[in-house]
Amino acid sequence: MLELAVSPRGPYSLRLSAARASDATRRCAGDRVVALFRVEGGLEWAGARQRPDGWVELQAMSEAGLERLRFMLALDDDHTPFLRRFSDDPLLGGAVRFLRGLRPARVGTVTHALLRAVCGQLIEARRARMIERRVVQALEEEAWGLHAPPTPATLGRPAPAELQRFGLSARKAATLVRLCRTVDLERLTGLETAAVATRLERERGLGPWSVGVVFLEGLGRYDRGLVGDLGLIKLCSALYGRRADAADTEELLAPYGEWGGLASVYLLGGFARGLLPIPAGGRRRARTRVAA
């Protein structure tokens, strides 16, 4: 077992970043995380904890496992420019100051992010996670009480009808299987942002929200906002005093430019915690996801 202590680049809180990140492939509790990765054809266990001095102690079975863990926890992705730029933002400033150590945790594969995006379309978030967990547990190998992150090979193997028994609709199951069979998902990490967005958005069954999830949780990029997220639609409704729609969320995120993805996370986190300047009577909590 290899051990490594890492000083995260910029402000970082493992407790904030991994909150509610537990799934079939990892367990997150407070300032500790354990995860399972597929490395060079085999399964490896890895774990991390953040010390009181801010350093993060990593354990893994290989150097490749340590690198996967560093990426999953976003330890090397300093978001200080985002914090500096928007700490006085009229809408986002309070959330930026209060949640400054937050960087959304990534999943183990781009394929897993796609599964999460497809499961989360148009249904309540808790049910989406339940369906995702069922799919991973049924199709992926298990070790140390966890399951391996899904790959195109495992999700593309069953017929769409087989995936429906886990709770996916016929449309979602067909979209997932088709993409896993026709798109080299894991190689998207090596492409430029515009090329990846163009490649994904031309696919039936995917829209801006789904692409945003893949960017944030699969590719680890912050420049694609969660356009159409129901939480952001509810935020817009509270801000504007009228029924909002996906176009309003696009307008909401526009000022944050290349930080649109991270701004989405801070807006949702700030909205849920009452950190945004919402007019009296505005609803704060949002548990559902929307759009494709």
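## Helix packing and loop residues in a predicted model

Helix α12 crosses α14 in a left-handed sense. The α14 helix covers residues 260-272, and its axis comes within 10 Å of the α12 axis, with a crossing angle of roughly 65°. On the α12 side, the residues that meet α14 are Gly231, Leu232, Lys234, Leu235 and Ala238. Their partners in α14 are Ser264, Leu267, Leu268 and Phe271. Sorted by class, this contact holds six nonpolar, two polar and one charged residues.

### Helix α5 and its two neighbours

Two packed helices are described by the angle between their axes and the distance between the axes. With that in mind, let us turn to α5, which spans residues 110-119. Here are the axis values for the helix pairs in this report.

| Helix pair | Axes come within | Crossing angle | Handedness |
|---|---|---|---|
| α5 and α9 | 10 Å | roughly 160° | right-handed |
| α5 and α6 | 9 Å | roughly 140° | right-handed |
| α12 and α14 | 10 Å | roughly 65° | left-handed |

From α5, the contact draws on Thr111, Leu114, Leu115, Val118 and Cys119. From α9 come Lys172, Leu176, Leu179 and Cys180. Seven of the residues in this contact are nonpolar, one is polar and one is charged.

By class, the α5 and α6 contact divides into six nonpolar, one polar and three charged residues.

### Two faces of α10

Which residues of α10 (residues 193-201) are buried? They are Val196, Ala197, Arg199 and Leu200. Viewed down the helix axis, these buried residues fall within an arc of 165°, so they line one face of α10. An α-helix has 3.6 residues a turn, so residues three or four places apart point the same way. The buried residues of α10 pack against α9 and against α11, which covers 208-219. Ala194 and Thr198 are exposed on the other side of α10.

### Positive phi outside glycine

Leu122 has a phi near 65°, a positive value in a residue other than glycine. This leucine sits in the loop that joins α5 to α6 (125-139). Is Leu122 buried or exposed? Its relative accessibility is 56%, so Leu122 counts as exposed.

Trp144 is the other case: its phi is positive, at about 55°, although it is not a glycine. You will find Trp144 in the loop between β6 (142-143) and β7 (146-147). With a relative accessible area of 47%, Trp144 is partly exposed.

### Loop residues and their contacts

The loop between β1 (2-6) and α1 (14-17) includes Ser13. Ser13 has 19% relative accessibility and therefore counts as buried, since the cut-off for buried is under 20%. Leaving aside residues up to four places away in sequence, Ser13 touches Gln50 and Gly101.

Gly10 also lies in the loop between β1 and α1. Gly10 is partly exposed, with a relative accessible area of 30%. Although Gly10 and Asp78 are 68 residues apart along the chain, their C-alpha atoms are separated by 4.9 Å. Beyond residues up to four places away in sequence, Gly10 touches Asp78, Thr80 and Arg103.

Finally, Arg242 is placed in the loop between α12 (230-240) and α13 (246-253). Its relative accessible area is 41%, and so Arg242 is partly exposed. Not counting residues up to four places away in sequence, Arg242 touches Ser237 and Asp248.

Definitions and conventions: Residues are numbered from 1 along each chain as its sequence is written. This is a predicted model: local features need pLDDT of at least 70, side-chain atom pairs count only at pLDDT 80 or more; totals for chains, interfaces and linings use all residues. Side-chain values use heavy atoms; hydrogens and water are left out. Axes are lines fitted to C-alpha atoms, for helices over the stretch in contact, and angles run from 0 to 180 degrees between N-to-C directions. Helices (H or I, at least four residues) and strands (E, at least two) are DSSP runs, numbered from the N terminus. A crossing is left-handed if the near helix is turned anticlockwise from the far one by less than a right angle, and right-handed if clockwise. Contact means heavy atoms within 4.5 Å. Ala, Val, Leu, Ile, Met, Phe, Trp, Tyr, Cys and Pro count as nonpolar, Asp, Glu, Lys and Arg as charged, and the others, Gly among them, as polar. Buried means under 20% relative accessible area, exposed over 50%, partly exposed in between (1.4 Å probe, protein chains only). The arc is that of the directions from the helix axis to the C-beta atoms.
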